[in-house]
Amino acid sequence: LKIQSLFLGTLRWLVVSVLVLFVLILVLTQTEFGKKQIVKYAQQIANKSLNAELQIAKLDGNIFSWLSLSNIVLLQNNDTIVHIDKLELSYQLIDLFDNRITFNQITLNNPTINLVQLADSSWNVEHIVKPDTLAQDTSSSSFDMLLTVHEFIISNGKVTIHSTDTVLPQLINSIDTRLTASYTTDQQKINVSSFNCSITKPDFTIKNFRAELTNNADQILVDLMLKTAQNKAYINGNYFYDNIHKSEINASTTALELSEFSRWIPQQFQLKIKPIVNLSAQIENKKLRASLKVESSNQHAKLDFQSTQFVKKFIENLTVNTPDYQLQLDLHKLDLRDWMNDRSMNYVLNGTINADATGNNVDDLSLKLQTKLNNTFVTGVPISRFESNLNYNQGALAGKILLKGGFGTIYLK
């Protein structure tokens with residue numbers, strides 16, 4: 001009885017002590033003094049690892065379920081690299097006892113990032129963390145906790161870009177996004193339910209971007225949708241890392257308004273037509289098959305490609321003695337004046353072109369090329385029939401060509 005009484009008394013003392021300590025921490029963290037000390041300590045820890053200075057103006061919250069940090073600034077050489085009006089965190093601290101890190105919500109209000117490209121072409125953000133800090137953890141130990149973010153929100157974000165590269169925009173403004181994410185060493189998921197922004201110089205608008213990505217030890221799954229001011233595109237598929245199981249990807253667009261991309265498209269390809277693009281590709285048992293179709297109105301070009309050695313040579317980087325490639329190009333009333341934005345290109349192509357090739361380079365290339373065109377125009381001259389059967393083998397060319405039109409018949413062998 002004495003032992004039992006002693007045990008119960010000790011247990012009661014421990015419970016009371018923990019509760020008292022918990023209450024003291026809770027009270028301390030609710031005082032301005034306590035919050036300032038936490039901020040001061042966090043800044044000291046962070047700044048030891050940074051080639052920059054972290055400043056946090058204010059801390060609110062009860063520490064145990066939510067925090068709010070106001071006016072967060074990251075300075076480098078007195079220049080502001082990052083500024084966030086408010087960072088709000090809502091989390092489940094008790095999940096740590098179950099080997100989980102759970103955020104109910106993370107919100108960034110009015111975040112601003114200033115990117116500056118330096119003389120050596122690197123960016124200022126690349127030099128924020130001290131090199132010795134990055135090199136400290138070189139172990140291969142796995143992250144054995146489940147990290148979950150139920151909702152991540154960016155509201156009215158902004159990125160300014162200072163670079164001599166004129167292709168890069170100067171400003172990305174009005175960034176708004178919502179996503180969820182989870183991470184373990186075995187599987188990673190991210191679901192972007194919405195993302196939109198406005199890009200300046202060159203001017204471009206992303207009205208919405210949605211994405212679902214899942215990655216595990218076996219494969220990666222992708223489902224994307226991009227909507228700009230004038231265009232829309234979709235991508236979905238999966239890829240198995242072993243290249244044995246069937247991997248597949250599909251991409252498609254609505255009728256493209258290419259003037260939206262005029263900044264990045266050479267003048268000769270700024271077309272007035274509105275092409276629709278469809279792409280599909282499959283890898284199975286290390287064999288690749290792909291198909292690309294571009295069409296507008298009643299004309300199209302469709303390219304089919306397959307190879308039994310492509311994966312080994314270009315993805316697995318293995319030595320392949322005789323890589324093989326098979327191509328088939330199907331042309332239907334393809335008017336090059338529309339596709340080259342040049343009215344002098346008076347060519348209308350109609351028919352098929354087939355190519356079977358093996359070899360690693362031009363020196364050991366073996367190629368069989370078959371062409372069948374009909375109702376074709378070359379510089380405005382009608383060609384009723386054009387057929388060729390050519391064989392190229394390590395520098396030697398042989399074959400035959402048949403050409404028929406209003407001018408007569410030409411046969412070459």
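**Salt-bridge notes**

I looked up Asp95 and found it buried, with a relative accessible area of 5% (buried is under 20%, exposed over 50%, partly exposed in between, using a 1.4 Å probe and protein chains only). Before going on, I noted that this is a predicted model, where local features need pLDDT of at least 70, side-chain atom pairs count only at pLDDT 80 or more, and totals for chains, interfaces and linings use all residues. Residues are numbered from 1 along each chain as its sequence is written, and side-chain values use heavy atoms, with hydrogens and water left out.

Asp95 sits in the loop between β3 (79–91) and β4 (100–116); strands are DSSP runs of E, at least two residues, numbered from the N terminus. Skipping neighbours within four places in sequence, I get Arg100 and Thr102 in contact with Asp95 (contact means heavy atoms within 4.5 Å).

Next I checked the charges. Arg100 and Asp95 form a salt bridge at 3.2 Å, N to O (a side-chain nitrogen of Lys or Arg within 4 Å of a carboxyl oxygen of Asp or Glu). Arg100 is partly exposed at 30%. Asp98 also bridges to Arg100, with the closest N and O atoms 3.1 Å apart, and Asp98 is partly exposed at 46%.

Then I looked at Glu151 and Arg178, whose side chains meet in a salt bridge at 2.5 Å, N to O. Glu151 is in strand β5 (residues 146–162) and Arg178 in strand β6 (residues 171–183), so this pair ties together parts 27 residues apart in sequence. My tally for the structure is 10 salt bridges.

Notes
Helix = DSSP H or I, 4+ residues; strand = E, 2+ residues; numbered from the N terminus.
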